[in-house]
Amino acid sequence: MAHSSQACLGGTLRIDRTQLAPIQGFYSMLGFALPLVIGVATGHVAEGVAMAGGAIGIGSVGLNATSSARVRAMLLACVGVAVSAFVGSATSRIDWLAILVAGIWGVGVGMLVPLGKYATPIGLQAAAALIVLSHFSLDPLHAALQAFLIFAGALLQTGLIWLVSRGYVTTIERITLAQAYEILAEHVHGSVEGVRPVGEALLNAYEMLAESSMPERPWKVFHALLEEAERIRLLEIAIFQLRLNIEHQLGKDAKYIYELDQVLEAAATELRLIAYDLKPSSPFVRPVQSPYIQFKLALHTIRNLEKPPESEQTLQQLISYCDKLRSTLHHAKKLARSWSYKQLRHVTSIPGGSRATQQSHLQWHNAFTTLRANLSLQSAAFRHAIRLGIALALSTAFYRLGPLPIERGYWIPLTALVVLRPDFTNTFARGLARTLGTFLGVGLTTILVGLLMPTHWWLVILDAVMAYLAFAFLFANYALFSVFMTSSIVFLLTLVIPNPLLTAVDRMVDTLIGGALALLIYALWPTWEQVHVSHNIAERMRTLRDFGAAILQAYVNPGSYDEFALYTLLLKTRLALSNAEASVTRSLQEPAQHQFDADLGQGLLESSRAIMRSLLAIESYLLDRPNHKGLPHISTFCTHFCMAMSDIAVAIGGHGIAKELPNFQKDLRSLDCLAKNQVYSSEFPMLDALVVEAKAIVRHIIYMHQLLIARREHDKIVPHLARESVS
């Protein structure tokens, strides 16, 4: 439990600078502050506050999304907030009905979790509007008027974001792709310590571009740049593997190694320049000069160095891959610079054709299918929905029916709403961040009120500043977001209820009650990540199997090579790895008795990463000879690879594992003989390297197999020892 508490505290204090949103936060702040300025200027302060209340929630929706995705999400949130505000106001006079409605809304918000990253914020804003407005007993007419004002403020916020985004259609996409190129540069340079995995960065860029609705021509340029990044990644892997071979053959101090490092350093610099050109800001002075000369001179030196007979073939392959890398970098650089000069030339697209648009009825069908699949107590989303519904109903009942009078008690269910999450780590981290942030926010508000004694206009200014900081830090650090949002809400309410210190204290007390109630409900009926880890790791193995089979089949039958299909499998494999790693991480942050076996989980994931690197290296060798003849000798190895990965995936799910693996040793001996055959080695100079990668794959499959057998034996022994100790 101590480890999980430290993990929660560490997450609470950590600031993710990559998630700061200063530009988006500024525009969201404008949409929030504008109704306040108009309200104070015209003397309609209460109406301005109501509209600002609608705008502040909507302004936090989709802050890190593309402009089109954000506007769509905000429009849906506007409707949800307006309907919920009316229902909350209309049912507020009847306690039991308000409690029932709060519970129903909680279940609905929980069921939105599996529908994607934009569905949950929409549900949260709708439920927040219901909770806040249920505090005010209004007749249907006034409830409709209040809902209209909130809807108007939310719509104003959305309209402003839409107008602003028209001038920055590709901003988020360009930033995301630039980050991918920067991370790729670090890997090419060899500085991978503490750097996000390339696969994760490229997957994030792909998802961002897939949801974008930018015009066709820039969309194709972005996809072409993403394709070039994938090709550079493959070439980088191939060059690093050949570098290891040269080190083994000629030693680490060989002249070739020094010159190759110069090539890689120049490539890394070129990638950073491409990232620089992709970023929306374009200062007049570029940070460094082009490394083209360094790349060219180093490659020229490698070509002219004497080639020992035992390394000649490897060095020829190396020169070929370096040439391809230079060509790919040159093409990517021209594509990136086309944005700086406003000329979308050299437009290509990824294999598979032009942009695919998904019909809306298919999206609705997928949503309903996902919801039906989660209507089970085995589903973490459904358990979270029931838990959240109970939490909102109980917390609403607590302040409405409890023996103690509680001012502005709607903050209790509101805190329960934002604290409760489907998993342990996020729930307790949110609870800690919310509590800490509220205490600091109350302290900050007290200091500012004591120093400034603010008038209405000062309150508007302070509110705008706090709202901006809250929006900017929303995804970077939730505790800081809570600090600034607490101050913003207190200043907002002070415009209509002129007692800021009492309002701040009420919020602090209600936050403590709501947070404690949410954590108690989670503790009574928890959902442990341990039950999901096995499924996520098994899915990782299955996608890795499919990806590997597609690559190996391309060697057996060159006609089966489909670059677009392979790219799709690659994205699925990366997503599965991301899900598995996140699942293992969450499990290891939970109490010790509920953690997944750390050695097993991390061992399986590390081996899967190594197999992935080997498969990418094998794929990269196809770049050298895309029109090669078939190699039917690999067919048996491919079949055995699929059998072994399937067996491992089944075993991870707890359904037993085969005692013996397929006869990989025979497969490897066959490949060794093939590589020594002069006929094949002249036609396929990459055979030696392919055999090395095949051996690495087999080595990691054997390791995973042994890990699973050890777990099975441990599971048999531990209960036996427990029974003996009892007897």
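**View 1. Pro22 lies in helix α2, which covers residues 22–42.** In this predicted model, Pro22 is partly exposed, because its relative accessible area of 39% falls between the limits of 20% for buried and 50% for exposed residues. Pro22 touches Tyr468 and Ala472, leaving aside residues up to four places away in sequence. Pro22 and Leu63 are separated by 41 residues in sequence, while their C-alpha atoms are 10.0 Å apart in space.

**View 2. Helix α10 runs from residue 216 to residue 250.** At 1.5 Å a residue, the 35 residues of α10 should span 51 Å, and the C-alpha atoms at its ends are 50 Å apart, which agrees with that expectation. After α10 comes Gly251, a residue whose phi is positive, near 95°.

**View 3. Helix α11, residues 255–278, is largely enclosed by the rest of the structure.** This description follows from the burial of its residues, because 19 of the 24 residues of α11 are buried. The length of α11 can be checked as well: at 1.5 Å a residue its 24 residues should span 34 Å, and its end C-alpha atoms lie 35 Å apart, which agrees.

**View 4. Helix α21 (residues 530–556) and helix α22 (residues 563–588) have axes that come within 8 Å.** Two packed helices are described by the angle between their axes together with the distance between those axes. Here the axes of α21 and α22 cross at roughly 155°, and therefore α21 is roughly antiparallel to α22, since that term applies to angles over 145 degrees. The crossing of α21 past α22 is left-handed, and their contact has 13 nonpolar, 8 polar and 4 charged residues.

Terms used
Residues numbered from 1 in each chain as written. Predicted model: local features only at pLDDT ≥ 70, side-chain atom pairs only at ≥ 80, totals over all residues. Heavy atoms only, no water. Helix = DSSP H or I, 4+ residues; strand = E, 2+ residues; numbered from the N terminus. Expected span 1.5 Å × (residues − 1). Buried < 20%, exposed > 50% of the residue type's maximum accessible area, 1.4 Å probe, protein only. Axes fitted to C-alpha atoms, helices over the stretch in contact; angles between N-to-C directions. Parallel < 35°, antiparallel > 145°, perpendicular 65-115°, else oblique. Left-handed = near helix turned anticlockwise from the far one by under 90°. Nonpolar A, V, L, I, M, F, W, Y, C, P; charged D, E, K, R; others polar. Contact = heavy atoms within 4.5 Å.
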